[in-house]
Amino acid sequence: MEEHNIIKVEGLCKSFGDLQVLNDITTEFKEKQVVSIIGPSGGGKSTFLRCLNLLETPTSGSIIFRDVDLCAKGVDINVHRQKIGMVFQHFNLFNNMNVMKNLTVAPMRIKGMEQDEAEAKAMTFLKRMGLEDKVTSYPSQLSGGQKQRIAIVRSLMMEPDVMLFDEPTSALDPEMIGEVLDVIKQLAVEGMTMIIVTHEMRFAREVSNRILFLDGGRIDEDRSAAEFFDDPHSPRLISFLQKVL
Amino acid sequence: MGFFEQIAVILQRYYPYFLDGVKNTLIIAAMSVVLGVVFGTLMAIMRMCRIKPLRWLAIAYIEFVRGTPLMVQLMFIFYGLPMVGIEFPDVSFIPNFSRFMAGIVAMSINSCAYVAEVIRSGIQSVDEGQMEAARSIGFKYGESMRLVILPQAVRNILPALGNEFVTVIKESSIVSVIGISDLMYGTNGVIALTYRSLPCLAIAAIMYFILTFISSRLIAKLEKRMKHGRA
């Protein structure tokens, strides 16, 4: 299978006021690759991820998603966001909708999918996750792990080309982390392109093809998963790994 | 004659004055809140919109109205506007229509500013992540507002609007100074007839209290019902 670039990032800079969070980042993400982003807090990981679907507007540089520069004038970002799934640290399920509505509202409203079809599709996903008895529950009635798995399904319902995960397990109780990571691993097996910001080192090593070390707004190391941990070059990565491992 | 006897006698003899006042007070309060909500919503939208001059205009309005006494605003509308040639029309079949209009307009202008803040804070109290999730899945800003943010904001806004209604009932007593026959005006009328100010004021206080107490109970009930809906 030929490897296409799905997202290309060129010269990405992002500042909040005087604070420069991302400093001239250039990289690319290939189809069916799983890339993890690791680094100290405040290093710009989340900001980088949020720039990819323009939740944060880059100060300069470009995000090229399937040959379209998302930062260019006249681009309808809403159309492209449908193809870029995003999973948040705090789940962000729609609190005013039950699980079924959370899953079907976007496919029905945005893609014009029929209700029967959308609900059947949602049911298939829910059954695979063992969450079919939660169809009528509201987010407040679910555990963190359940919420996050539903949030992943909500993104999958749109059949995205790539999924972005912003610290998907950081807000979870320890005993629920496993169930969420298992879902992400399963997606990796199925060939979903994913970019994952995470603090779970073992998981990153297991699931990723490639790992980026983001520190001080720059990519300090960009290696295959095994090399990243076994043969780190950057002194900052070495000291970071010593602290966390 | 004891105090409570006096109250009983005054009520028995002059109750139409009080009841008529209650009716007018309720009409003014209801009209003011309804108009306040309609224009307050527009004002809140302006307050949050991206076009800076509109936003500044809304902020200036809200701050100014909330920072000046209702009494001054009322005088401004009732005495000031006619001086520059703006008069409220008289309608033959509704007595005192122009006075009523001035009262309602002043109260609405005032209420509008408070309602705008209630709505804005209601919307802004919805977690930012909700908007981010909606936008990231591909909904436009307007759709995200309508489908996700507003339904959640309403739960915060409705009870606060109820409180605004209670406040307006009380504040509306001020319109009696421009001769609108509300509860306070009726009370003053009865005082003038009987020279018994204390019992009359006691009656007025009780009637205002009944109005606000019933309103706030109803609001509390509504609040409870919405909470049971879901968190």
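E167(A) sits in the loop between β7 and α6 (174–189) of chain A; helices (H or I, at least four residues) and strands (E, at least two) are DSSP runs, numbered from the N terminus. The model is predicted: local features need pLDDT of at least 70, side-chain atom pairs count only at pLDDT 80 or more, and totals for chains, interfaces and linings use all residues. Residues are numbered from 1 along each chain as its sequence is written, chains are lettered from A and ligands numbered from 1 in the order in which they are written, and side-chain values use heavy atoms, with hydrogens and water left out.

**Positive phi values**

- The phi of E167(A) is near 45°, a positive value in a residue other than glycine.
- E167(A) is buried, with a relative accessible area of 12%. Buried means under 20% relative accessible area, exposed over 50%, and partly exposed in between (1.4 Å probe, protein chains only).
- D24(A) is another non-glycine residue with a positive phi, near 55°. D24(A) belongs to strand β2 of chain A.
- Most residues other than glycine have a negative phi.
- In chain B, G138(B) follows α5(B) and has a positive phi near 120°.

**Sheets of chain A**

- An open sheet of 4 strands runs in the order β2-β1-β4-β5 (chain A), with antiparallel pairing. Its edges are β2 (19–30) and β5 (68–69), each with a single partner strand, so one side of each has no neighbour in the sheet. Two strands pair if DSSP finds at least two bridges between them.
- Strand β4 (residues 60–65) of chain A is joined to β5(A) by 2 bridges, and the two run antiparallel. Within this pairing, I64(A) has D69(A) as its bridge partner.
- β6(A) pairs with strand β7 (residues 162–166) of chain A in the parallel sense, over 4 bridges. G85(A) stands opposite M163(A) in β7(A).
- Both faces of β6(A) are covered. I84(A) and M86(A) are buried on one side, G85(A) and V87(A) on the other.
- In a regular strand the side chains alternate between the two faces of the sheet.

**Loop residues of chain A**

- Which loop holds N96(A)? N96(A) lies between β6 and α3 of chain A.
- N96(A) is buried, with a relative accessible area of 16%.
- The side chain of N96(A) reaches the backbone oxygen of L147(B) at 2.9 Å.
- Leaving aside residues up to four places away in sequence, N96(A) touches Y138(A), L147(B), V148(B), P151(B) and Q152(B). Contact means heavy atoms within 4.5 Å.
- L55(A) is placed in the loop between α1 and β4 of chain A. Its relative accessible area is 18%, so L55(A) is buried.
- The C-alpha atoms of L55(A) and R81(A) are separated by 9.7 Å, with the two residues 26 apart along the chain.
- D67(A) and R205(A) are 138 residues apart along the chain, and their C-alpha atoms are separated by 30 Å.

**Helix α5 of chain B**

- Why is helix α5 (residues 128–137) of chain B described as largely enclosed by the rest of the structure? The reason is that 9 of its 10 residues are buried.
- Among the buried residues of α5(B) are Q130(B), M131(B), E132(B), R135(B) and I137(B).
- The cover over the buried residues of α5(B) draws on both chains. Chain A contributes elements including α1 (45–52), α2 (77–81), β6 (84–87), α3 (99–111) and α5 (144–156). From chain B, the cover includes α6 (141–171).

**Chain B overall**

- Chain B has 8 helices and 0 strands. Its pattern along the sequence is α-α-α-α-α-α-α-α.
- The C-alpha trace of chain B spans about 75 × 50 × 30 Å along its principal axes.
- Of the 231 residues in chain B, 44% are buried.
- Among contacts in chain B with a separation of 6 or more, 75% join residues 24 or more positions apart.

Key: A polar contact is a pair of N or O atoms within 3.5 Å; within protein, one must be able to donate a hydrogen and the other to accept it, and residues adjacent in sequence count only if both atoms are side-chain atoms.
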